[in-house]
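Open the model in your viewer and keep the selection panel at hand. The tour below goes stop by stop.

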Amino acid sequence: MQETDLSDEKLLEIAKNAARNSYAPYSNIHVGAVIVTDDGKTFTGTNIENSSYGLSICAERVAIFNAVSNGYRKFKKIAVITSDGKGIMPCGACRQVLAEFSENMEVITLDKDGNVIRFKLNDLLPHAFRL
């Protein structure tokens, strides 16, 4: 965890470094994520697969669970990338978990040409489930 106001490019670099810790023997897709709290603290996560596929977990959820387990509940952005520097979008399950805490969160990744792209979470999941 660090406290700072990092550029999108730096956040993607942190996420890429986190992806190096991925455990992905089945998909061979190594994903890293870094989530930024409202006060600028960052928490990383990486995907962890399991031979019982349903027990696997995505990098985005590891990052937010890491932050929440450290007492944070408000987030402004998350960056997601693969270890080979390719962009990747959060899956539906991750979008729903992120929406639990901040529907207006910014999602940062790369397009197919390697350009930084940004979305608002509520644009990616416009009708998040709510009780």
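Begin with Tyr 26, which is partly exposed at a relative accessible area of 40%. The coordinates you are looking at are a predicted model.

**Stop 1: Tyr 26 and the surface around it**

Tyr 26 sits in the loop between H1 and E2. Together with Tyr 26 they make a nonpolar patch on the surface, with about 460 Å² of accessible area.

Which residues of the patch also take part in an aromatic pair? A search of the whole structure gives three such pairs. In one of them, the ring centres of Tyr 26 and Tyr 53 are 5.9 Å apart and the planes stand at 80 degrees, so the pair is edge-to-face. Tyr 53 is exposed, with a relative accessible area of 59%.

**Stop 2: Phe 75 and Phe 101**

Select Phe 75 and Phe 101 next. They form an edge-to-face aromatic pair, 6.0 Å centre to centre, with 85 degrees between the planes. Phe 75 belongs to strand E4 and Phe 101 to helix H3, so the pair ties together parts that are 26 residues apart in sequence. Phe 101 counts as partly exposed, at 28% relative accessibility.

**Stop 3: the largest core**

Stay on Phe 75 and bring in Ile 35, Ile 78, Leu 98 and Met 105. These are the residues with the most contacts inside the largest nonpolar core, which has 19 residues. Now colour by element. Strand E2 (31-37), helix H2 (59-69), strand E4 (75-82), helix H3 (92-101) and helix H4 (121-124) each give two or more residues to this core. H2 gives the most, with four residues.

Centre the view on Ile 35. What does Ile 35 touch, leaving aside its neighbours within four places in sequence? Its contacts are Lys 41, Thr 42, Phe 43, Ala 63, Ile 64, Ala 67, Phe 75, Lys 77, Ile 78, Leu 98 and Met 105.

There is also a second, separate core, with 11 residues. Select Leu 12, Ala 79, Ile 81 and Ile 108 to find it; they are included in that core.

**Stop 4: Ala 19**

Move to Ala 19, in helix H1. Ala 19 counts as buried, at 1% relative accessibility. Beyond its neighbours within four places in sequence, Ala 19 is in contact with His 30, Val 31, Gly 32, Thr 46, Ile 81, Thr 82 and Ser 83. Draw a distance from Ala 19 to Val 80. The C-alpha atoms are 9.3 Å apart in space, and the residues are 61 apart in sequence.

**Stop 5: the salt bridges**

Side chains of opposite charge can pair when their charged atoms come close. How many salt bridges are there here? The count comes to seven.

Show Lys 77 and Asp 8. Their side chains meet in a salt bridge, 3.6 Å from N to O. The pair links distant parts of the chain, with Lys 77 in strand E4 and Asp 8 in helix H1, 69 residues apart. Both Lys 77 and Asp 8 are buried.

Next, show Glu 103 and Arg 130. This salt bridge has an N to O distance of 2.5 Å. Glu 103 is in the loop between H3 and strand E5 (106-110), and Arg 130 is in the segment after H4, so the pair ties together parts that are 27 residues apart in sequence. Glu 103 is partly exposed at 36%, and Arg 130 is partly exposed at 40%.

Salt bridges that share partners join Asp 8, Lys 77 and Arg 118 into one network.

Finish on helix H1 with Glu 13 and Lys 10. The closest N and O atoms of this salt bridge are 3.3 Å apart. Glu 13 and Lys 10 are three residues apart in helix H1, so about one helical turn separates them. Glu 13 is partly exposed, with a relative accessible area of 41%. Lys 10 is partly exposed too, at 35%.

Notes
Residues are numbered from 1 along each chain as its sequence is written. This is a predicted model: local features need pLDDT of at least 70, side-chain atom pairs count only at pLDDT 80 or more; totals for chains, interfaces and linings use all residues. Side-chain values use heavy atoms; hydrogens and water are left out. A nonpolar core is a set of buried Ala, Val, Leu, Ile, Met, Phe, Trp, Tyr and Cys residues joined through side-chain atoms within 4.5 Å. Buried means under 20% relative accessible area, exposed over 50%, partly exposed in between (1.4 Å probe, protein chains only). Contact means heavy atoms within 4.5 Å. Rings of Phe, Tyr and Trp (its six-membered ring) pair if their centres lie within 6.5 Å; planes under 30 degrees apart count as stacked, over 60 as edge-to-face and the rest as tilted. A salt bridge is a side-chain nitrogen of Lys or Arg within 4 Å of a carboxyl oxygen of Asp or Glu. Patches are made of residues with over 30% relative accessible area and no salt bridge: like charges are joined within 9 Å, nonpolar side chains (Val, Leu, Ile, Met, Phe, Trp, Tyr) within 5 Å. Accessible areas come from the Shrake-Rupley method with a 1.4 Å probe; for residues, only the protein chains shown count as cover.
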